[in-house]
Every structure is written in C-alpha cells, then in structure tokens.
Amino acid sequence: MTSPEEPRDAEVPRPADDFDPIVAVREMAAAARARGIELDESETLRWLAAMAAGGEDLVVDAESGTFGHRISMLDFSPHELERFRRIGRIVEVTGPDGVAESALALSGSAAQSKIQTYPGDCDYFERLNIRAGTRAEACRILGELMREKAKDFDRGDGFQFIEGKLGSYPGDGRHAGAPVQRGTPISWTPEEIAAGELHWTTADGADAVIRWEDAAQDPGWCKLDWVVADPDRVRLANASNVIDVTWEGPDGEIVPLDGYLDAYFQEVYLDADAVPTFVKVVAHVSDDALDDYVEALEGEVRKYLTKNVNYGKAAKRMYNLFRLSGRHLDAAFVRELFDEPATMLYQVWSLISTLDNATRPDSAIPVEQVRAQADDLVIEVTRALEGDVEIEIVDALLALRRTLESSSDAVLRSSEVEGARTRVVNVVNGFFKDKLESVPTIRAYIRDVQAGAAH
C-alpha cells in the first residue's frame, strides 16, 4: 500500500508501553476457547501489531484500487470488490463534469468483509461535492441529481428502488398513517419522488404538501435505498447509499449542506481515481473529528445497551469504539465474535426486511428469488442453531414466508414481519450479551454505560 498526500493527521490512541500482546492474546484465546469461541492467535497478533504500528492515516491499495483510513483497510477484503462496484453503479449519485464530483465507499459490515463472515446489508457512503455559485443553487442541483437517480433506477434487471430521504418535517403530524415529528428526516416513496411532492397531515389536522425542491433547500440526512438481487450470492440484499453533500463555492471554500462534514474512520472507497476529490473534501473535516466520532459511537452504544436494547448492534459499535479509543485487546475479542455461526442471525434479521421490500406490489424482484432466499434462511438457521431456539426461529421464518407470498393485508404482513424480526433479535441479543459479558473489562464497561444511563 502507498500513501498519498496526507489530508489530516487523526491521532488514534496506542496501547500502553508495557502491553505484551503475545501474553495477552494467549490468555484471551484460552479464555475464549472455554466459552466456545475459536480465536485465531496469529491473526489477532497481526492485527494488534498493525494497530500499534501507526503510520499515515490514509492508505491506497494500488492492487485493488481501493483506499481509506488505515484502520478501516485492515478489515477489508477485496474478495467481492467487483460485486460491490457493480451494485455501486446502481446506488451512486452522479452529475455533469465540472458540476458534481463524487467518491463512493463501502461502510458498515460491507467495509469489514475480512472479519464479518455474515454481513448484513450492502451499505454505501458517498461524498458528493457540488460546484455552484450559491448554496441555494447547490441544493437545487442536489435535489435534481437525487431525483434523477431515483427515477432512472426505479427498477431494472435485479433491482428495485424502495425509498429516499431528503429534508426534514417542519412540524409534528402524520404521513401515510404513521406519526412524524418535527425535524425528523422525510422518507419519500418512489411515487412521491416522481410526483415531486409529498402529502401529510399537520398536528392540528390540516392537509399539507412538501415539495421535493423545497425539501432540497435544507436537505438534512440524504439517503437512497434499493433491494438488489445479487447473482453472485444468489440472494437478495438491501443496498443503501448515505450521501454526504458539500457545496464548493466560487472561492473554493467547501461547506457541508447538512452542517456537518463526516470523518472517514469507517469507510473503504471503491475507486482510487476519486482520491483527489476525497482529499479536497476531507481537508475541511473538523480537527475534532476523531473526538466527535468517538462521542457519537458512545451515544450509539448507550442507546443499544439501555433504550433500544440490541447487543448485536451494540457489539458492532463497541468494536469501532474500542479500536479507535485504544482498547485494542477488547476490540480484538469483539472482532472474533463476528464470524461465529450464531451471528448469522444478524444477517437473517436484516434479510427479513429485504424480503418484505422485495414482495411489495409491483416489485421487480422475481418471486422465485424471494422463495429461494427464504428457504436458504431456514437452512442456515438449522445449521447454526439447535433445540428450542432453532424450532422457534424456523417457525417464524416459515410463517413469514407464507405471509409474504400470499397476504396483501398490510396489518397482518407488518405483524408477521415484526414477529419474526423480534424473535431473531432476541436470539442475537442472547448470544452477544453472553459473550461480551464473559470478558471482565467489557462487562465492566457495559455496567458503567448502563449505570450512567440510570442517573
């Protein structure tokens, strides 16, 4: 790997000087075996050494043509790179040369393909830089580019557009029968995006309309979602693209349109040709980016340990938090959990939503593929689980399969989907809670977080 010009020096904490990784990993591996977890000592030592080595923040892998933060690149495997690039061409928002330039990256479990044997969705993150004379003009261009992408890629061979997020609700009310709150992102259906307007009801019962072009003037969180039929894996997947939009004015100053420019501690970018755009944009990332990112992760961990309890999601945030805050040994243990067979259920949980989306009316996804996907889930669950838990999850998936194929009753459908998802989440929770709390330092961390939330 080679390093281009350094855009920002984000210092990641290092382990203490008296830390002996060989002894520590040997003890951790023995303890892990006692808990039924196989830990690869050589790989763990290699990872700890790479974390301790430091070096340039931004690295480019010349062989694969990918780039990202050195910590993110340690967990990425280019094994499925062409697949991710192919799906990336569906989700990436592009514009005319000289007006819009972008850098598309993988994020989430897709960017950690070396360690996450059972990744969930195909999550993308895009830096979209728009050159315009004014901020208002940049927002207008953003709205047009997102709308064109949603309309042009509404459906096709193996993909189906689901929804887009642009703008925020100006007040409390209801949309499509569901409550909405002031300041929360607006979710647009394909039909609403095509019409260029969304109808909703305000808190006092008045009918109201939000125009797409008006929402674009205060874009907030920008995101587009698809379901894709993945020929390589012979399965369905959710593919989302979170767009971090910036405006480059005539003076060359770059300003985030949502008020905050994201750091780059988690993404792996798919095309080295985008390095110049990336370097130009991230040069404007705040000097406090690492602290802000760690603080945001702490908030996410707190949420999933105390409010919306989900130890699987908490574990993923803990891994990112621990590796960026110097708790490398704890991170190395959490890292090993992601390829345990039971974590496959995390993928099942994600795919339940995918199946729901793929069987919506007028879906472009063949029903045969939905059936095959549901059957595969059942087989994988029977391989990973045993006893009453296996029976419970298989029953839930079979009921879900029947409902998705035969029912147009939205209430029944929603109930079955939530029922299946809840049962899977409970099993995932139990697995991660048991494993995480078996490590004294992680158990103490969890207790501190939960105790802090109680005050």
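Let me begin with strand β12, residues 222-230, where nine of the nine residues are buried, so the strand is largely enclosed by the rest of the structure. Please keep in mind throughout that this is a predicted model.

As you will remember, in a regular strand the side chains alternate between the two faces of the sheet. In β12 both of those faces are covered, with C222, L224, W226, V228 and D230 buried on one side, and K223, D225, V227 and A229 buried on the other.

What does β12 pair with? Strand β6, residues 159-168, runs antiparallel to β12 and is joined to it by six bridges, and within that pairing the bridge partner of Q160 is V227. Strand β13, residues 235-248, is also antiparallel to β12, here through nine bridges, and W226 has A239 as its bridge partner in β13.

Let me turn to a separate topic, the open sheet, in which four strands follow the order β8-β7-β10-β11 with antiparallel pairing. Its edges are β8, at 178-180, and β11, at 207-211, each of which pairs on one side only, and from one strand to the next the twist averages 40°. Within this sheet, β7 (residues 173-175) and β10 (residues 197-202) are paired in the antiparallel sense over two bridges, and G173 finds its bridge partner in T202 of β10.

Now to the nonpolar cores. The largest of them has 90 residues, and those with the most contacts inside it are M318, L345, V348, V381, F432, L436 and I442. Helix α15, residues 410-436, contributes the largest share of this core, namely nine residues. If we take I442 and leave aside its neighbours within four places in sequence, we find it in contact with M318, F322, D330, F333, V334 and L436.

Finally, a helix pair. Helix α9, residues 289-306, packs against helix α10, residues 311-324, at an angle of about 155°, with the axes 9 Å apart. With angles over 145 degrees counted as roughly antiparallel, α9 and α10 are therefore roughly antiparallel to each other, and their crossing is left-handed. On the α9 side the residues that meet α10 include L290, Y293, L297, V301 and Y304, while those on the α10 side include Y311, A314, M318 and L321. M318, then, is also among the residues with the most contacts inside the largest core.

Key. Residues numbered from 1 in each chain as written. Predicted model: local features only at pLDDT ≥ 70, side-chain atom pairs only at ≥ 80, totals over all residues. Heavy atoms only, no water. Pairing = 2+ DSSP bridges. Axes fitted to C-alpha atoms, helices over the stretch in contact; angles between N-to-C directions. Buried < 20%, exposed > 50% of the residue type's maximum accessible area, 1.4 Å probe, protein only. Core = buried A, V, L, I, M, F, W, Y, C linked by side-chain atoms within 4.5 Å. Contact = heavy atoms within 4.5 Å. Parallel < 35°, antiparallel > 145°, perpendicular 65-115°, else oblique. Left-handed = near helix turned anticlockwise from the far one by under 90°.
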